[in-house]
Amino acid sequence: MDCPQEEDLVDYMYGHIHEDIRRIMGAHIRNCKPCGNKIFELQKTKVPIDGLFLSNIERGSCITDKQLEDIMCGTLAFLEREALIAHTHICKDCRQSLCTLNATFDKYVLALEKSQKDGSV
Ligand SMILES: [Zn+2]
Ligand SMILES: [Zn+2]
């Protein structure tokens, strides 16, 4: 695909785009240095929100079931997701929950994708 517009990158970061597009863009951004850099720059402007969020994680607040679901569904903003994943690296309980959820995830996401396609986004 062509390089996404900046506004699309912003939507990607905030998770405001459809999961299919998000997946395609994610793959592109990982392989495209200019886009990776742009995301990096854009993230700096998000610091106030994410700084708050990250400090929650650092305080050791565990991931809620809802957040776990969001991780699995890919509905989280880029940084939020990264922060939660980072938490699972330091927190055995949350890692365990994520693993448990992972096991049932395939069925779940199939149902979800179906329902997303049926409804208008
Ligand atoms: Zn690109
Ligand atoms: Zn935890």
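## Exercises on an all-helix chain

T64 counts as exposed because it has 12 C-beta neighbours inside 10 Å. The class follows from a count of other C-beta atoms, placed from the backbone, within 10 Å of the residue's own: 20 or more is buried, 12 or fewer is exposed, and anything in between is partly exposed.

The structure is a predicted model, in which local features need pLDDT of at least 70 and side-chain atom pairs count only at pLDDT 80 or more, while totals for chains, interfaces and linings use all residues. Residues are numbered from 1 along each chain as its sequence is written, and chains are lettered from A and ligands numbered from 1 in the order in which they are written.

**Exercise 1. Describe the secondary structure and the confidence of the chain.**

Step 1. The elements are DSSP runs numbered from the N terminus: helices (H or I, at least four residues) and strands (E, at least two). The chain has seven helices and zero strands, in the order α-α-α-α-α-α-α from the N terminus.

Step 2. For pLDDT (the predictor's confidence in each residue, from 0 to 100), the chain mean is 75, with 72% of residues at 70 or more. Confidence is highest in α2, with a mean of 88, and lowest in α4, with a mean of 50.

Step 3. Of the 121 residues in the chain, 14% are buried. Contacts are pairs whose C-beta atoms, placed from the backbone, lie within 7 Å. Among those between residues at least 6 apart in sequence, 72% join residues at least 24 apart.

**Exercise 2. Locate T64 in the chain.**

Step 1. T64 belongs to the loop between α4 (47-58) and α5 (65-73).

Step 2. Although 33 residues separate T64 from S97 along the chain, their C-alpha atoms are 9.7 Å apart.

**Exercise 3. Which residues of the largest nonpolar core touch the most other members?**

Step 1. A nonpolar core is a set of buried Ala, Val, Leu, Ile, Met, Phe, Trp, Tyr and Cys residues joined through C-beta atoms within 7 Å. The largest one holds 14 residues, and Y12, M13, F78 and L79 touch the most other members.

Step 2. At least two residues of this core come from each of α1 (6-14), α2 (19-31) and α6 (78-90). Helix α6 gives the largest share, four residues.

Step 3. This core lies between domain 1 (1-45) and domain 2 (60-121), because both supply residues to it. The domain bounds come from an automatic or database domain assignment.

Step 4. Within α6, the buried residues are F78, L79, E80, A83, L84 and H87. An α-helix has 3.6 residues a turn, so residues three or four places apart point the same way.

Step 5. Beyond four places in sequence, Y12 touches I17, R22, M25 and F78.

**Exercise 4. Is M25 buried or exposed, and what are the surroundings of C35?**

Step 1. M25, in helix α2, counts as buried because it has 21 C-beta neighbours inside 10 Å. Its contacts outside four places in sequence are P4 and Y12.

Step 2. C35, in helix α3 (residues 33-44), is partly exposed, with 19 C-beta neighbours inside 10 Å. Leaving aside neighbours within four places in sequence, C35 is in contact with C3, P4, L9, H28 and I29. C35 and L9 are 26 residues apart in sequence, and their C-alpha atoms lie 8.2 Å apart.

Key: Two residues are in contact if their C-beta atoms, placed from the backbone, lie within 7 Å.
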